[in-house]
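Please read the points alongside the sequence and the model.

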Amino acid sequence: MRVLEISIVIILMLAAFYVIIDVTADAAERTGKAAAEEACKAVNMFVQGTENDAVNRASLRACRTIDLEALPLKGEKKEDVLKDIGQHIDKTWDIFLKGSKESYFGDNNLWDSEKQCMILYTFTIKKDVGTAIPMGELIQYLKTTPYKVADTSDGCAGSEGGFCKPTCNADERRVKALKTCAPDSKGNAQQCCMPSSVYNSCEAHNGDCLPTQSYPEKIAYPGWNCARNGYSCYVGKKNYQSYLDYVYFDGGTVGFDEAEPLYPQNFRANGEKRAVTYAIVFASRVTQSASIGNSLIHLTLWSNTPGAPTNTNGVILAPLDKVKNACNVQTRDS
């Protein structure tokens, strides 16, 4: 009888946990995209060390499928679409803790035992983009475009960069240090120095402002600015991660359905109107055959490790119609 009572208490506690998670997720979803993302990540962190399937399934109810509507979120250029997709692929990887859990969906999945993936984002592409985007072009962009760059400054001005020096150079200004500058090797007190121009965030972070062209060991980084016209910010290739590097660094993989390009709204191909909605998916245990549950999706898998990845976590970009039945979709109505 005692065992039965304990079992009932556990079931009631799990039921209460489900209710709390649902209420929290509903509130976050109504608040907006950022709140919904944070709610999913926060609960993933809360149960990070838990391998209990029931608790994991309950916690994942906090992860809602977010409709981004039409990309790009700002602008109407093809490059803006590529950037938005890259940022949300990496955001997906970040929300699911960079694939750090061996199993996210468990063997006794309370959603569906065959579904080892979840659709985190859906989107279309604005008709103003005009042209179809070959998947190979997207992949090349994600492989070569910096997503994160190492700040190799002293950081004495916090997120603005800055350098600790006994005396600022003639082309620098002294600013209030947000992080104490330690004395130099000779025991001299140091102050926080920044470039004279507030528009030179590149050199404030130890990047190089150079005439805009190609350099063998450097890559242009648009996230930091140069004050001089005709100059761009460059960083050493060893100091940045591309969008795909961000996932690869943690042993993850990224999968693409390369059967067709990305079509904007109202695009016509061979006389037929193409209205495609796309999905960004977090997938657990992606296999060599790129199978997701019972569904075989013909994907090109990209990984930093030689050969096709086996049983690894990753992110997948594919048309929604190809993954909606193979993966979990979590909304307020589901």
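1. Throughout this note, buried means under 20% relative accessible area, exposed means over 50%, and partly exposed lies in between (1.4 Å probe, protein chains only). By that criterion Glu172, at 17% relative accessibility, counts as buried.

2. The model is predicted: local features need pLDDT of at least 70, side-chain atom pairs count only at pLDDT 80 or more, and totals for chains, interfaces and linings use all residues. Residues are numbered from 1 along each chain as its sequence is written, and side-chain values use heavy atoms, with hydrogens and water left out.

3. A salt bridge is taken as a side-chain nitrogen of Lys or Arg within 4 Å of a carboxyl oxygen of Asp or Glu. Seven were found in a search of the whole structure. One of them joins Glu172 to Lys165, with N to O at 2.8 Å.

4. Asp257 pairs with Lys322 in a salt bridge whose closest N and O atoms are 2.7 Å apart. Because Asp257 lies in the loop between strands E11 (253-256) and E12 (267-269) and Lys322 in helix H8 (residues 320-323), the pair ties together parts 65 residues apart in sequence. Helices (H or I, at least four residues) and strands (E, at least two) are DSSP runs, numbered from the N terminus. Asp257 is buried at 3% relative accessibility, whereas Lys322 is partly exposed at 39%.

5. A salt bridge also links Lys324 and Asp321 (3.3 Å, N to O). Lys324 is partly exposed, at 38% relative accessibility, and Asp321 is exposed, at 59%.
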